Amino acid sequence: MIDSDTEKQFRHYVQVFPLIGDPQRATLERIWRTVIGDADVQRVLQRMLFIPHSVPDQSQGERLIKILDHLHGQPTSLEFFDDIVVTQAEIVSVRVVRDSEGPSYFVGYTYSNGVTAEREFGYDSYHAATCGWDDAALKAYWYVGNRATCHYRASDPRQHAICQP
């Protein structure tokens, strides 16, 4: 389990969530990696259809706080499964549609012996400002041939989650 000071700092930074240009952002990023790399947090994540990205995201941070609450024995609304398989999904298609709010990436990917899926991932200027996912970073992540961590249920491979920015 992460130490209490680190957890306290993590909870604070998720609450105030410093923007990309904020000097506190570097501390958040370091603490973020510590929390998602913690062995106890990883054991919980391996039972969920949730994969936090290594780049901090406020909504993902709120889910990580629920995981910390769970580890402290507090009741949460988290959903756990005993048949999660961790694998890599391969991105096989990417289509970008831009509108006034920002780009939407329609990403096709395969996982688990040929199961395919396509999902839309939309990004607005707020998301880019808080998380640092500008056009260049999104293009560097969502491209044909890239691999992203994927969790799926062995009992129903269509129930899955892919690591997304």
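I looked up Arg147 and found it partly exposed, at 47% relative accessibility. My cut-offs: buried is under 20% relative accessible area, exposed is over 50%, and partly exposed lies in between (1.4 Å probe, protein chains only). This is a predicted model, where local features need pLDDT of at least 70 and side-chain atom pairs count only at pLDDT 80 or more, while totals for chains, interfaces and linings use all residues. Residues are numbered from 1 along each chain as its sequence is written, and side-chain values use heavy atoms, with hydrogens and water left out.

Which residue does Arg147 pair with in a salt bridge? I found Glu90, with the closest N and O atoms 3.7 Å apart. A salt bridge here is a side-chain nitrogen of Lys or Arg within 4 Å of a carboxyl oxygen of Asp or Glu. This pair links distant parts of the chain: Glu90 lies in strand S1 and Arg147 in strand S4 (residues 147-153), 57 residues apart. Helices (H or I, at least four residues) and strands (E, at least two) are DSSP runs, numbered from the N terminus. Glu90 is partly exposed, at 30%.

**Other salt bridges**

I searched the whole structure and got eight salt bridges.

Next I checked Asp82 and Arg47. Their side chains meet in a salt bridge at 4.0 Å, N to O. They too link distant parts of the chain, 35 residues apart. Asp82 sits in the loop between helix H4 (58-71) and strand S1 (84-99). Arg47 sits in the loop between helix H3 (39-45) and H4. Asp82 is exposed at 77% relative accessible area, and Arg47 is partly exposed at 33%.

Then I turned to helix H2 (residues 25-37). Arg25 forms a salt bridge with Glu29, closest N and O atoms 3.0 Å apart. The two are four residues apart in the helix, so about one helical turn separates them. Is Arg25 buried or exposed? I noted it as buried, at 2% relative accessibility. Glu29 is partly exposed, at 25%.

**The loop between S2 and S3**

I looked here for positive phi. Ser112 is not a glycine, yet its phi is about 45°. Ser112 is in the loop between strand S2 (102-111) and strand S3 (115-122). Its relative accessibility is 16%, so I count Ser112 as buried.

Asn113 is in the loop between S2 and S3. Asn113 has a positive phi near 55°, and is also a residue other than glycine. I noted Asn113 as exposed, with a relative accessible area of 85%.
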